[in-house]
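Here are my notes on the model you sent over. Have it open while you read, and go through the points in order.

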Amino acid sequence: MELDVPAAAGMTAAELRAFQRLLFDQTGIVLQDNKQALVEARVSMRLRALRMSSFGEYLELLRRDRSGDELTLLIDAVSTNVTHFYREDEHFTFLADAVGGWLDNGLDRLRIWSAACSTGEEPYSIAMTLDAVLGRRKIDARILATDISTRVLAEAKAARYAEAKLGTVPDARRRACFTRVQVDGEVLYEVKPELQAMVMFRRLNFKAIPYPIRGIFDVIFCRNAMIYFDRPQRERMILEFARLLKPGGYLLVGHSETLIGMSGSFRVIRPSIYERLKDGVRS
Ligand SMILES: C[S@@+](CC[C@H](N)C(=O)[O-])C[C@H]1O[C@@H](n2cnc3c(N)ncnc32)[C@H](O)[C@@H]1O
């Protein structure tokens, strides 16, 4: 659609600082100065949608918006949601082994949290892993999947993916866990209802501590999200994860992330995999 609104003039340094401050205060996301071009491009999408021609006018709207709806749309626009099925696949092998061990010891209830679930590939990869490990065994297994972005949560709940997105799903899992559907002439792959039923999606902002969640989890995945926060915010998150994990449960972070110097309640099992200590005590 053609819009008869002039393109916004470049973002000034003061406007960039205002967006950085707003997003940091509301979400904890740190937008580096060298990301100006990216911020400008993403915020411009909101300006076009609102037929506004200046960043100043948009900042004013955000300040006046008591509902928080526009802030949500801004967060949707600036957050990076890259993900794929079985990303960092050793984590899913680790999960299968851990759950297998717990099942052998009589586990009949399992709670997993996919924190920062993006468009759903992570929680559905967890569901597919559990499906494979459990086989015909019936236990009470549930996955909580959260993100700050309402846009990605809506995509995740829809549970339909283009074939190109299934490249990292092993053939056997693809056959067992997806149904091929046609939507408006497009072929999509839909996660089977029994796997969808294992996952509950909720909006959660990592900045809003304490998290309004009734734990206790056996495993928490928080991968490729902490990189966007400063150290104090990461430390607060890790304390929350420790509070919400059972002793002997696991916290999995992205391969480029680490808990070094912040992991008093955890023991490193291997890079990016941490075990919650019993009462914060190293054995
Ligand atoms: C790169 S994706 C990671 C997806 C998945 N965990 C993975 O590793 O593939 C990062 C996600 O963090 C979410 N996020 C960013 N800031 C957040 C916040 N303050 N609270 C909750 N989620 C946030 C983004 O919306 C995005 O979906």
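1. In what order do the 7 strands of the open sheet come? They run β6-β2-β1-β7-β8-β10-β9, with mixed pairing. Keep in mind that this is a predicted model, where local features need pLDDT of at least 70, side-chain atom pairs count only at pLDDT 80 or more, and totals for chains, interfaces and linings use all residues. Residues are numbered from 1 along each chain as its sequence is written. Helices (H or I, at least four residues) and strands (E, at least two) are DSSP runs, numbered from the N terminus, and two strands pair if DSSP finds at least two bridges between them.

2. β9 and β10 (residues 273–276) run antiparallel and are joined by 4 bridges. R276 in β10 is the bridge partner of F266.

3. Helix α6 (residues 121–134) packs on the sheet, where it touches β1 (109–115), β2 (140–147), β6 and β7 (217–222). Contact here means C-beta atoms, placed from the backbone, within 7 Å. The directions of α6 and β2 make about 170 degrees; axes are lines fitted to C-alpha atoms, for helices over the stretch in contact, and angles run from 0 to 180 degrees between N-to-C directions.

4. On to the domains, whose bounds come from an automatic or database assignment. The protein chain is divided into domain 1 (13–78) and domain 2 (90–160 + 191–276), and their C-alpha centres lie 29 Å apart. Their contact takes 8 residues from domain 1 and 11 residues from domain 2. On the domain 1 side, α1 (13–27) and α4 (69–78) are the elements that give two or more residues, and α4 gives the most, with 3 residues.

5. Then there's the ligand. It is surrounded by 25 residues, the closest being T83, A116, S118, I148 and N224; a residue counts if its C-beta atom, placed from the backbone, lies within 6 Å. Domain 1 and domain 2 each supply at least three residues of the shell.

6. I209 counts as partly exposed because it has 14 C-beta neighbours inside 10 Å (20 or more would be buried, 12 or fewer exposed, with C-beta atoms placed from the backbone). Leaving out residues up to four places away in sequence, I209 touches R236 and E240.

Conventions. Contact = placed C-beta atoms within 7 Å.
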